[in-house]
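Dear colleague,

Please find below the structure that I am passing on to you. My notes on it follow.

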Amino acid sequence: MDAKHAIELGKKHAAVMVDLKFVDLIGKWQHTSVPFHRLSLDAFEDGFGFDGSSIRGFQPINQSDMLLIPDATTAVMDPFTKHPTLSLICTVQDTITRQNYSRDPRQIALKAEAYLMSTGYADTAFFGPEAEFFIFDDVRFDVKGHEAFYAVDSVEAHWNSGRDEGPNLSHKIRAKEGYFPVPPQDTQMDLRTEICLEMEKVGIEVEVSHHEVATAGQGEIDMRYDSLLKCADKLMWFKSIVKNVAYRNGKTATFMPKPLYGDNGNGMHCHQSLWKDGKPLFAGDSYAGLSEMALYYIGGILKHAHALAALTNPTTNSYRRLVPGYEAPVNLAYSSRNRSAAIRISTYSPSPKSRRLELRFPDPSTNPYLAFSAMLMAGLDGIQNKIDPGQPLDKDIYSLSAEELKDVPRMPASLEQSLDALEADHDFLLKGDVFTKDAIEMWLDYKREHEVQASRLRPTPFEYHLYYDI
């Protein structure tokens with residue numbers, strides 16, 4: 001869709017407003033709206049001004065004037081506004097130089113796709129994320145200098161089996177037994193279907209919808225794979241749709257990696273493959289039907305996994321999920337079919353077009369533009385330098401002894417460790433000016449100051465449980 005057709009779409013639906021969406025460095029959608037009559041053909045070139053000084057990871061206040069440049073190809077009618085509103089996803093430019101802004105995550109994704117083309121290896125990187133989420137009935141939390149708590153509740157949670165609900169109709173889901181139960185245990189079938197219908201309204205093709213492993217309303221809805229930038233755009237829409245549908249049904253949704261103790265957290269397995277001229281490049285006659293290129297791509301991912309973690313698992317809460325022996329794969333190995341490996345090779349279909357790798361350690365707290373771009377850059381580094389991924393590990397990793405695991409590298413154990421790894425290993429991200437040093441430095445500074453250090457300073461309720469009587 002070009003600018004002319006984007007405007008025509010708005011007119012067709014009698015749009016009265018245009019919603020201009022963009023993403024901050026950390027990965028949250030921001031927006032501002034203008035009357036529809038302001039959306040001229042020139043506006044797609046000239047942009048709309050805004051103050052970038054209040055956006056996380058953007059400009060300081062003395063350089064705050066910035067421009068939002070609408071991308072006409074993203075035009076859809078917003079499914080949640082009361083008044084007809086045309087939605088456009090934007091990139092960010094500097095008002096003086098009119099250069100693309102180096103800390104705009106969407107610009108980074110655009111540069112990643114351009115760099116892929118420049119290598120000559122492939123022309124398209126496809127991504128297919130599986131972003132899990134929880135939909136709760138009630139969430140309360142507070143953090144003060146003298147008190148802190150959180151309380152989460154769900155009508156289908158096992159801890160409510162003895163509560164007087166007037167009446168309690170039972171059919172609760174036990175911890176770790178939420179995978180594929182039918183109603184009445186699965187209380188959110190209709191709600192997930194409502195989410196699917198809204199996804200289709202904004203052009204997202206749904207592949208599957210189901211309850212996930214955890215109790216208390218964990219779900220998964222998978223979208224069909226798409227090219228890197230388009231998939232990142234769709235994932236931002238997906239997260240917004242899940243939250244808004246839950247909200248209008250009197251519930252609340254979260255993509256937080258580990259909101260519950262003692263049950264599974266939210267992962268985001270990322271399927272990925274490279275194509276050229278409409279042909280899949282990861283299919284071959286090597287292990288699990290992979291090509292040599294695919295194996296080198298895996299080698300790059302495994303080599304840079306610690307640095308990638310700072311972008312694919314970018315919160316302190318991410319590392320409550322990445323714990324050895326629990327549900328998330330922390331051992332850096334690859335395998336066919338084996339879901340205990342960090343990288344799984346799908347065997348659902350023998351078709352060359354389905355040959356791909358599934359990276360299993362990312363979670364949905366990530367900024368998809370940064371995470372997808374970083375994974376692609378790591379894989380390309382593996383191809384360029386012919387990085388051998390080593391031998392596959394086809395055993396159940398969770399059942400291996402300490403002796404058997406001693407030579408298998410693991411994911412970082414904390415956000416602090418992953419940030420240190422990114423600081424030490426990021427040259428592969430700088431190729432083609434995809435990531436810039438100032439973007440990486442701002443990411444490191446923000447995460448260390450606002451998350452790592454802020455968390456380190458605060459006692460937790462569990463520390464009272466452990467230490468109050470010492």
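A disulfide is taken here as a pair of cysteine sulfur atoms within 2.5 Å. The sulfur of Cys 196 lies 16 Å from the closest cysteine sulfur, which belongs to Cys 231, and is therefore too far for a bond. Cys 196 is also buried, at 10% relative accessibility, where buried means under 20% relative accessible area with a 1.4 Å probe and protein chains only.

This is a predicted model, in which local features need pLDDT of at least 70 and side-chain atom pairs count only at pLDDT 80 or more, while totals for chains, interfaces and linings use all residues. Residues are numbered from 1 along each chain as its sequence is written, and side-chain values use heavy atoms, with hydrogens and water left out.

Across the whole structure, the search finds zero disulfides. Cys 90 is accordingly in none, with the nearest cysteine sulfur, that of Cys 231, 20 Å away. Cys 90 is buried, with a relative accessible area of 1%.

Of its 40 lining residues, Glu 130, Glu 220, Asp 222, His 271 and Glu 358 are the closest to the centre.

With kind regards

Technical notes:
1 Å grid on protein atoms, 1.4 Å probe; cavity = no way out; pocket = protein on both sides within 12 Å on 5 of 7 lines; lining within 4 Å. Buried < 20%, exposed > 50% of the residue type's maximum accessible area, 1.4 Å probe, protein only.
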